[in-house]
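Here is a briefing to read alongside the model.

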Amino acid sequence: MSIYGGIEAGGTKFVCAVGSAPDDIRDEIRFPATTPAETIGRAVAYFKAQAKKCSPAAIGIASFGPVDPRPDSARWGYITTTPKPGWSNTEFATVLQRETGVPVGFDTDVNGAALGEYRWGAARGLDTFVYLTIGTGIGGWGMVNGALMRGLLHPEMGHILLPPHPDDPHPEGFCPFHGNCLEGLANGPALEKRWGQRAETLPVDHPAWALEAHYLALGLTNIIVTLSPQRIILGGGVMQQRHLFPLVRQRVQAALHGYIQSPQILREIESYIVPPVLGNRAGVLGAIALAETAAKS
Ligand code: ADP
Ligand code: ZN
C-alpha cells in the first residue's frame, strides 16, 4: 500500500502528516503559519525527514486561498491574492515538488475536504455532490460526474445572490462585493454583525437561527436546481449548531415545494443534507486524498 504526505495549509496553522487513510495516519506535526519562507521551509524539512523512513509516493496540499489550481497555468501551485499579510503571490506547491522530487497535488482547503469526504466520508460512492462550508466565509465545492468542479477559476457558491427576508434587520447584507449574497447574509461574521454577539454565543432559541436556516435553505435550493447533487454536505464552524440541520432540511423541502420528485428530497432528506464524517481531520485527510490523486495522474 502506498503512503502519501498531506499538508493542511491554514491561515493560522499548518498540519503535515504521512499516511494512507483515516485509520492509518503514521505521523503528524503542527506549526503556526508565520512567514511563507519559514512555514513552507518547515514543511519541506518535515517531508525530507519522513522520506528517509517511509518515502511518500506523492504529497497533497489543501491550502487556504485563493490559490491557482489550474494545472496548465504558469502560476499553478501559487497562493494568489490572499489578504493574509506577506502571503500574496506565494510559490508553494512547486517548491515542495522541487525539494522532495515527488508529484504534488494542490487545491483549495475546501476542495481537499470535499475530496476527503468523497474518498472516505459522507460522499463515498457518489459522483455529483456539493460540500459547503459555513464559517468565516461560505465556500462550495464538490464533484460533477466524478470530476472535481473547476472552470474559469473555481466555483464561488457562497456568492449566490439571495432575496433578503422581510424580517432581517440588516437586509443589505455584509459581503463587501455583493451585500446580500449567501455569504454576506449567512456566514459567521454576518451572524455576529446582525445580532451583536459571536455566533457561538447565540442561544438555540434565538431568532438568529430561523433566519440563518432560511438563508442556507435558499442557497441550497439554488444549488439543488442548478447542479442536481446526489448529496449536500454542510461543514464549517456555524454548522457545529446541529439544530440547524433539521431547520434547513424542512425549509429546503418547503422552498422546492415538491418540484424535484426524488425520494432523497421528499422522504430521505436526513441522509441528503448531512454533516461531514471526517470532522476536524478533514483538512489533512483531504490533503492526503489530493496526493493520492496526484500520484495516479
Ligand atoms: P474558518 O472558516 O475561519 O476556517 P470556521 O469554520 O470555524 O473557521 O468558521 C469560523 C466562524 O464560524 C466564525 O464566524 C465563528 O463565529 C463561527 N463559529 C465557530 N464555531 C461555532 C459554533 N460552535 N457555533 C456557531 N458559530 C460558530
Ligand atoms: Zn458576495
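Which polar side-chain atom lies 2.8 Å from a nitrogen atom of ligand 1? That atom belongs to glutamine 241. The model is predicted: local features need pLDDT of at least 70, side-chain atom pairs count only at pLDDT 80 or more, and totals for chains, interfaces and linings use all residues. Residues are numbered from 1 along each chain as its sequence is written, chains are lettered from A and ligands numbered from 1 in the order in which they are written, and side-chain values use heavy atoms, with hydrogens and water left out.

**Ligand 1**

- The residues around ligand 1 include Gly135, Thr136, Gly188, Pro189, Arg198 and Ala199; a residue is near a molecule if one of its heavy atoms lies within 4 Å of it.
- Glu200, Gly236, Gly237, Val238, Gln240 and Gln241 are also among them.
- Threonine 136 has a side-chain N or O atom 2.6 Å from an oxygen atom of ligand 1.
- Glutamate 200 places a polar side-chain atom 2.8 Å from an oxygen atom of ligand 1.
- Taken alone, ligand 1 exposes 560 Å², and the protein buries 64% of that; accessible areas come from the Shrake-Rupley method with a 1.4 Å probe.

**Asparagine 187**

- Asparagine 187 sits in the loop between helix H4 (182–186) and helix H5 (188–195).
- Helices (H or I, at least four residues) and strands (E, at least two) are DSSP runs, numbered from the N terminus.
- Asparagine 187 is buried, at 8% relative accessible area; buried means under 20%, exposed over 50%, partly exposed in between (1.4 Å probe, protein chains only).
- A polar atom of the asparagine 187 side chain lies 2.8 Å from the backbone nitrogen of alanine 190.
- Beyond neighbours within four places in sequence, asparagine 187 is in contact (heavy atoms within 4.5 Å) with Gly135, Thr136, Gly137, Ile138 and Leu182.

**Sheet S3-S2-S1-S4-S7**

- This open sheet has five strands in that order, with mixed pairing; two strands pair if DSSP finds at least two bridges between them.
- Strand S3 (24–32) and strand S7 (104–108) are the edges, each pairing on one side only.
- Neighbouring strands here are turned by 15° against each other on average, direction ignored.
- Strand S2 (residues 13–21) runs antiparallel to S3, joined by eight bridges.
- S2 and S3 form a hairpin with two residues between them.
- Valine 15 stands opposite arginine 30, and alanine 17 opposite glutamate 28.
- Helix H3 (residues 109–120) lies across S2, strand S4 (59–63) and S7, at about 110° to S7; axes are lines fitted to C-alpha atoms, for helices over the stretch in contact, and angles run from 0 to 180 degrees between N-to-C directions.

**Sheet S10-S9-S8-S11-S12**

- Five strands form this open sheet, again with mixed pairing.
- Its edge strands are S10 (147–148) and S12 (273–274).
- Six bridges pair strand S8 (residues 129–134) with strand S9 (residues 138–144) in the antiparallel sense.
- Threonine 133 has glycine 139 in S9 as its bridge partner.
- Helix H6 (residues 207–227) lies across S8, S9, strand S11 (231–235) and S12, at about 155° to S8.

**Backbone exceptions**

- Most residues other than glycine have a negative phi, and most peptide bonds are trans.
- Glycine 65 and proline 66 are joined by a cis peptide bond, with omega about 5°.
- Serine 55 has a positive phi, near 30°, and lies in the loop between helix H1 (36–54) and S4.
- Asparagine 145 has a positive phi near 50°, in the loop between S9 and S10.
- Asparagine 145 counts as exposed, at 63% relative accessibility.

Terms used:
A polar contact is a pair of N or O atoms within 3.5 Å; within protein, one must be able to donate a hydrogen and the other to accept it, and residues adjacent in sequence count only if both atoms are side-chain atoms.
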